[in-house]
Each structure stands twice: as C-alpha cells, then as structure tokens.
2 protein chains.
Amino acid sequence: MNPDSILKNIARHITLDEQEKYFFLSLLQPKHAKRKEIILQAGFVNSDSIYVNNGVLRSFTVDENGVEHIVSFAPQDWWMADLYSYFSGQPAVQTIEVVEDAELFLLSRTHQDLLYERIPKFERFFRILIEKSLVSNQQRIIDNLSLPAKEQYLKFCKRYPTLINVLPRKYIASYIGVTPEFFSKMVSSLVKGK
Amino acid sequence: MNPDSILKNIARHITLDEQEKYFFLSLLQPKHAKRKEIILQAGFVNSDSIYVNNGVLRSFTVDENGVEHIVSFAPQDWWMADLYSYFSGQPAVQTIEVVEDAELFLLSRTHQDLLYERIPKFERFFRILIEKSLVSNQQRIIDNLSLPAKEQYLKFCKRYPTLINVLPRKYIASYIGVTPEFFSKMVSSLVKGK
DNA sequence: CGTCTATTTGAATGTACTCAAAAGCGGTGG
DNA sequence: CCACCGCTTTTGAGTACATTCAAATAGACG
C-alpha cells in the first residue's frame, strides 16, 4: 500500500526528514476493507485514528427508533474517528462503516502518543486537524440552524462534488437530516426548476 | 478582578508553579462588559480568546433574512471565540455579545503564542479545550439530526440548568433552532403534560 | 406611569414525515 | 442471457411539526 498520499497530507502542515517519515510509517497499520465492513462498532472503544488512503467511509449514530443519522463522510485523504471515544476512552457513540472499498492506515492511540513523544511536531499536526474539524463542525451547526434542506443540499454538492455520484442518495439525505422520501422529492423539484 | 477561577480552570488540566501563574496572568487583559455590549462584531477579525470570569455571553450569526442564530452560550468559567476567525485570521462569521453583565479575561493571539513558547504545557491545555469543544459540537450535530425540538429542549435544560432561568426564552429557541412563537407553544404543551 | 422588549395566542400556510406501494437497478445463479 | 432477489429510489395520500403574520398580554426598567 502506497503511503505517498498520507505523507503529502502531513507535509501540508509540518516538515519531516527521511528518518522521521520512516518512523511515522512504521507506526501505521495498513488495512484493506470492503464495502459494508464495520471499522468501528458503536459501544466499543475507538482506539485508532483512521486515515483513508482511498475509498470512502461514513460514520453514523442510531437513534432510539433504529434510524441511522450520518455524522460525517471520509473520502480519500481524510482522517476519521469517534473522537468522543478516542479522547475519553468511553464506548463510542458512532459506528464507522466502509461505503466504497477502502485502503486505510490505522494509527493507534498508543502509537500516537509515542509519536508525540518522539516527534513533537506531530502535536502541532494533529492540533491543526482538530482545529479544522472544529471550525467545520461549527459551520455545519450554523447551516443546520440557518438553512432549509434544499440549500443545505446545494451546499453539500459544492463542498463534496466528488461524493455526490458515489454515495447512495439516502446517505446524503441522512447527512442533511431529512428522510430519503423527502430528499427524493426535494431533488426532483430542484431539477424541474425552482 | 479576582483570577482564582481562571487559575482553577487551568489547574484542572495542567499544573503551574507560582512564577508560571504570574506570567500567565500578566498576559491577560481584564475587561468589564455590560449587557448588550458587543465583544466581537462579525466581519472583524477575532484575535482574542475570551474567558468568562462571571456573567454570560452568547455568540450568534445573522442569516440573509436578518434572523439571528445562536451558536453557543458561555456562562461562568467558559472560553469563547470565533474559532474560524481566530485560527484563520479571516473576518469572523459570528458576533459575540454580553447577555449578563460580565467580567472577562482576554488573551490575545500574540500573547497566546508567547505563552506556548514560554510554557509549552499550555499547548496541551488549549488542545484539551479544543478537543472537548469538538466532541460537544459533534454531539450537538447528532442531537440536531436525531431529536425533535421538544427533546432538544429537555436536553438543554439538563445540560445548562443554571442558564434556563437566566436567558431570555427566545435565545434558547434560537439555540435549538425554532421560532420564539413555536418555542412558547412547545414549552406550554410540555408543562400541561405531554 | 409609559415605553420598550419579550412572551403568548390564534389562524392560515408550508415544510417535512409516515406509511404504503410501485418502479428502478445491480448482481447472482440457473 | 435472462429471471429473480434484495436494496434503493420514486410517487402519492394523509398527517404532524414548525413557520409566518398579526395582535394581545406580560414584564422590566427608567
């Protein structure tokens, strides 16, 4: 499995020499995973940060009525985890599942701590990741409060153009927070004009 | 203005000696602010982290129809900022306003960087703060997707018991994402029994 | 006491949901 | 290659949740 992409991902924020690169890569656990495969099951502790080398993941919760709610998608070059569980050590509230066959790199919490110790720059790297997630989560909350479903969908299209034709529509519906039925009607009303 | 509370806040995550405490406090700018006062105006760059020594703040955005949407409240002992602006240096999307007369400590970005340099432990402190915000924001997104307005309100009551009788109801309505009119009907239907 | 703002109430409307059923689509095995 | 199965998407009717607009009522403060 080719680690070029993850090294490039890191190089965007911090600079590593050859030895550091090597050490970092030695901490990763590569994993191939097929569509529908569960990477993390809600209720279990999430002890890995997951990097998506290619493929697509989704994370979701299941409410008391058994309805799934998609929290986020992770396309190529994204990191994913149930951060609540990851930070607190408590059982995860989210499930992480493969949407499109994927090559992943797993970085365990233990290895991550080791990494911080040996190459403190990585503190900075992951801090920046977290900062960015926080900002984008906040923006999502704002959109949720401000925008009707239609506009949230349009925004989604702009933001994840590569995902629109890859994801089942019902996943997009769930992400936006509407039923698949309503989503279908909404999209067809958009196409027809207005 | 008494800095005991902010020192206790920090002591929850990192340990400081007397000299470090003194240095930290020297970087803070105390500020008294009255109800309705704007601490940060959307459109301007947010270059301070704001600690609420007492009183209450709110942050909100204004949509294209001029409707306010409350992103978060900061009661006593909380930190607040427009993190998008703070991290990126771009104009803020949120406005921060005083809800109850407040005593604040402002920590400028410059001073915060100085702090990181002189007392690296603070990197850890603020990283933990950000991690916690991220987790709670994610939980809010999940609630938004999963729960009807009624249950979101009940959850809000449990989570911020001290705020319920302090905040104007229309602020809580806005935070939850409903109109004040609907909120009023919803609450009275809850009181009457189901 | 009067003014300003927050809250409540009501009627009409719109947005989104539920349930049921039909239609589409992709893969698999005969 | 076609028929069937399982799953996704669409369609429609009826319903529930939430909004808008207008107006009345209640509170807070000078």
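**The surface near DNA strand D**

Reply: Among the residues of the surface near DNA strand D, six are nonpolar, three are polar and five are charged. The model is a predicted one. DNA strand D is surrounded by 14 residues. The closest of them come from both protein chains: A:Arg169, A:Lys170 and A:Ser184 on one side of the list, B:Val178 and B:Phe182 on the other. As for secondary structure, helix H7 (169-176) and H8 of chain A, along with H8 of chain B, each supply at least two residues of this surface. The largest share is that of H8(A), with five residues.

H8(B) provides the largest share of the surface near DNA strand C, five residues. By class, the surface near DNA strand C has six nonpolar, three polar and five charged residues.

The next point is how the two protein chains are related. Chain A is superposed on chain B by a rotation of 180° with 0.0 Å of shift along the axis, and the RMSD is 0.0 Å. This is therefore the relation of a two-fold axis. Within chain A, the residue that comes closest to the rotation axis is A:Leu134, whose C-alpha lies at 2.6 Å. Both copies use the same surface for their contact, since 100% of the contact residues of chain A recur in chain B.

That leaves the contact between the chains. Chain A gives 23 residues to the contact and chain B gives 23 residues. On the side of chain A that touches chain B, the elements with two or more residues are strand S4 (68-74), helix H3 (83-88) and helix H5 (121-146) of chain A. H5(A) gives the most to that side, 15 residues. Sorted by class, the side of chain A that touches chain B holds 10 nonpolar, eight polar and five charged residues.

To return to the part you asked about, the surface near DNA strand D draws on H7 and H8 of chain A and on H8 of chain B, with H8(A) supplying the largest share.

Key:
Residues are numbered from 1 along each chain as its sequence is written. Chains are lettered from A and ligands numbered from 1 in the order in which they are written. This is a predicted model: local features need pLDDT of at least 70, side-chain atom pairs count only at pLDDT 80 or more; totals for chains, interfaces and linings use all residues. Two residues are in contact if their C-beta atoms, placed from the backbone, lie within 7 Å. Helices (H or I, at least four residues) and strands (E, at least two) are DSSP runs, numbered from the N terminus. Ala, Val, Leu, Ile, Met, Phe, Trp, Tyr, Cys and Pro count as nonpolar, Asp, Glu, Lys and Arg as charged, and the others, Gly among them, as polar. Copies are superposed by least squares on the C-alpha atoms of residues with pLDDT of at least 70 in both. A residue is near a molecule or strand if its C-beta atom, placed from the backbone, lies within 6 Å of it.
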